[in-house]
Amino acid sequence: MAADDLPVLIAGDVHGDIERLFQAVKPYPSEQWHTVFLGDLVDYGMFGVGALRFARDRPNTDVLLGNHEVAMLWALRDSSRVGFWMSIGGQRHDLDELRLDESLQRWMRERPALIQLADRTLVQHCGNDAYGELGSTVDSINDRVNDLLAKGGEALLWELLSSANVFETQPDRLDRWLERMHSRRAVFGHKPHRASRPMTYHDGKAINYDGGLSRSHRLYQKGAPIAASVGPLPP
Ligand SMILES: [Mn+2]
């Protein structure tokens, strides 16, 4: 957890591209920034577990759960899910690595699905209000998420965290969600936008930081700038 007085750096979906991640955070020393990862550090690229460990060990950093972390944990617990997980970019060597590291498994299962910053920014993986099916506050939703991951409830969590981004095109739904969560804007990743900077919608009430960082992602577009995925949160 980080001090509230640091400026906030948001890092969108990394998907195993640790080389571009290192490059992206280099201008932002960890002691000067509160870093928030939006989840989906794993899959597609070769260094998913490496990216998770890097994020875990970076000072002043929060890491949210993405649908890909849930799919990986599901595959870890239930081997019948390995094929599905590999079909969405899962790397078998990463699963083997995670299997050997129980403290990393525990840490993953304890991650929040969403957090609220001091300036009432709500930070989450997908741009969708499906989280609300799990509770009525940030804390109660995260408690339920952690409970599901502790007790074999990955199916429900996978479904919710895989929900399509809707805030870009449904401002009324975004407004209802923000009101319900007592927040002023939502920041998310999950689906690559095609802008050169994090993509802002509805007068800044919704911001997508998934700029398609990973060169291994099926939707990677050559030349996608790093600053589309990793950058300071505007005031
Ligand atoms: Mn993703």
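**A close look at one helix**

Guide: Arg120 lies in the loop that runs between β4 (114-116) and β5. The model is a predicted one. Arg120 is exposed, because 12 other C-beta atoms are within 10 Å of its own and 12 or fewer counts as exposed. Its phi is positive, about 65°, although Arg120 is not a glycine. In general, most residues other than glycine have a negative phi.

Helix α9 spans residues 171-180, and Pro171 is part of it. From the C-alpha atom of Pro171 to that of Asp4 the separation is 28 Å, and the two residues are 167 apart along the chain.

Further along α9, the buried residues are Leu174, Trp177 and Leu178. They cover an arc of only 95° around the axis, so they are on the same side of α9. On the other side, Asp172, Glu179 and Arg180 are exposed.

After α9 comes His182, with a positive phi near 55°. Asn60 also has a positive phi, near 55°, and is a residue other than glycine. Asn60 is in the loop between α2 (48-57) and β3 (61-63). With 18 other C-beta atoms within 10 Å, Asn60 is partly exposed.

Next, the core. The largest nonpolar core has 61 residues, and Ile10, Leu38, Ala51 and Ala186 have the most contacts inside it. The helix that gives the most to this core is α3 (residues 67-77), with six residues. Beyond its neighbours within four places in sequence, Ile10 is in contact with Val36, Leu38, Val187, Tyr209, Gly231 and Leu233.

Last, a pair of other helices. The axes of α7 (residues 138-150) and α8 (residues 154-161) come within 8 Å and cross at roughly 130°. That angle makes α7 oblique to α8. On α7 the contact is made by Val145, Leu148 and Leu149, and on α8 by Glu154, Leu156 and Leu157. Of the residues in this contact of α7 with α8, five are nonpolar, none is polar and one is charged.

Note on methods. Residues numbered from 1 in each chain as written. Predicted model: local features only at pLDDT ≥ 70, side-chain atom pairs only at ≥ 80, totals over all residues. Helix = DSSP H or I, 4+ residues; strand = E, 2+ residues; numbered from the N terminus. Buried ≥ 20, exposed ≤ 12 C-beta atoms within 10 Å, placed from the backbone. Arc of directions from axis to C-beta. Core = buried A, V, L, I, M, F, W, Y, C linked by C-beta atoms within 7 Å. Contact = placed C-beta atoms within 7 Å. Axes fitted to C-alpha atoms, helices over the stretch in contact; angles between N-to-C directions. Parallel < 35°, antiparallel > 145°, perpendicular 65-115°, else oblique. Nonpolar A, V, L, I, M, F, W, Y, C, P; charged D, E, K, R; others polar.
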